[in-house]
Amino acid sequence: MARLSKQAVEVSDILLYRSDLESSLQLFYSASATNPRFLGYSPSEVREELDKRIAELNLTSMLILLSAIEAAFRVDYQLRCYRGPADRLSQAFRKLHKRKSLRVNLETEIIGAWKDETNVNLKLIGQLRGAFKLRHWIAHGRYWEPKLGKKYDFVSILALATETFTQFPFLRPL
């Protein structure tokens, strides 16, 4: 089993992080009249730049949330392979582990096993797979036009993360 870092991030911590940074940005840009960095900016240019910074913060926060979801699936996979119960999901993971060890595909193999071996909500699985397309796009530099199937924002990804951590009975490290 790969050594687990014990540095997994909780959704509540991500939410606080994002909130703190947005508050900091608001404060920084509200002092634009006295900040030499904004010399020559019109009020609308200051607002436009603030909006861009908040949009970037939302993207990075979504990436962190989606990464936390991925980590939960991968940790659960490892735990079920090495010390999981004798349920169908753990058995499927052990078979997969014999063939591929830890080099398993999240979306097709790990989430696919959840779909095939449990009664987890299929709509939620579809939503996760769609959101992971967003994660790939953000993580790989956003250099192509993504075909996401729907528009995502921080609130929708936060809701997806909350539902995922509520609906999936992930095993947790001791």
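This note goes through helix packing, salt bridges, a surface patch and backbone angles in a predicted model.

1. Basis. The model is predicted, with local features requiring pLDDT of at least 70 and side-chain atom pairs counted only at pLDDT 80 or more, while totals for chains, interfaces and linings use all residues. Residues are numbered from 1 along each chain as its sequence is written, and side-chain values use heavy atoms, with hydrogens and water left out.

2. H1 and H6. Helices (DSSP runs of H or I, at least four residues) are numbered from the N terminus. The axes of H1 and H6 come within 11 Å and cross at roughly 165 degrees. That makes the two helices, H1 and H6, roughly antiparallel. Axes here are lines fitted to C-alpha atoms, for helices over the stretch in contact, and angles between N-to-C directions run from 0 to 180 degrees. On this scale, angles under 35 degrees count as roughly parallel, over 145 as roughly antiparallel, 65 to 115 as roughly perpendicular, and the rest as oblique. H1 and H6 cross in a left-handed sense; a crossing is left-handed if the near helix is turned anticlockwise from the far one by less than a right angle, and right-handed if clockwise.

3. H3 and H4. For H3 and H4 the axes come within 9 Å, and the crossing angle is roughly 150 degrees. H3 and H4 are therefore roughly antiparallel to each other. The crossing of H3 past H4 is right-handed.

4. H2 and H5. Helix H2 covers residues 43–83 and packs against H5 with the axes 10 Å apart, at an angle of about 125 degrees. The relation of H2 to H5 is therefore oblique. H2 passes H5 in a left-handed crossing.

5. Arginine 172 is partly exposed at 48% relative accessibility, and glutamate 10 is partly exposed at 39%. For these classes, buried means under 20% relative accessible area, exposed over 50%, and partly exposed in between (1.4 Å probe, protein chains only).

6. Salt bridges at Glu49. Glutamate 49 and arginine 53 meet in a salt bridge of 3.6 Å, N to O. The two residues are four apart in helix H2, so about one helical turn separates glutamate 49 from arginine 53. Glutamate 49 counts as buried at 12% relative accessibility, whereas arginine 53 is partly exposed at 36%. Arg37 joins Glu49 and Arg53 in a network of salt bridges.

7. Arg80 and Asp87. In the salt bridge of arginine 80 with aspartate 87, the closest N and O atoms are 3.1 Å apart. Arginine 80 is buried, with 4% relative accessibility; aspartate 87 is partly exposed, with 29%.

8. Nonpolar patch. Met1, Tyr82 and Leu102 make a nonpolar surface patch of about 280 Å². Patch residues have over 30% relative accessible area and no salt bridge; like charges are joined within 9 Å, and nonpolar side chains (Val, Leu, Ile, Met, Phe, Trp, Tyr) within 5 Å. Accessible areas come from the Shrake-Rupley method with a 1.4 Å probe, and for residues only the protein chains shown count as cover. Tyrosine 82 is in helix H2 and is partly exposed at 39%. Leucine 102 sits in the loop between helix H3 (88–100) and helix H4 (106–117), and is partly exposed at 31%.

9. Positive phi. Most residues other than glycine have a negative phi. Serine 101, in the loop between H3 and H4, has a positive phi near 55 degrees and is partly exposed at 36% relative accessibility. Arginine 142 also has a positive phi, of about 55 degrees, although it is not a glycine. Arginine 142 lies in the loop between helix H5 (122–139) and helix H6 (154–167), and its relative accessible area of 31% makes it partly exposed.

Methods: A salt bridge is a side-chain nitrogen of Lys or Arg within 4 Å of a carboxyl oxygen of Asp or Glu.
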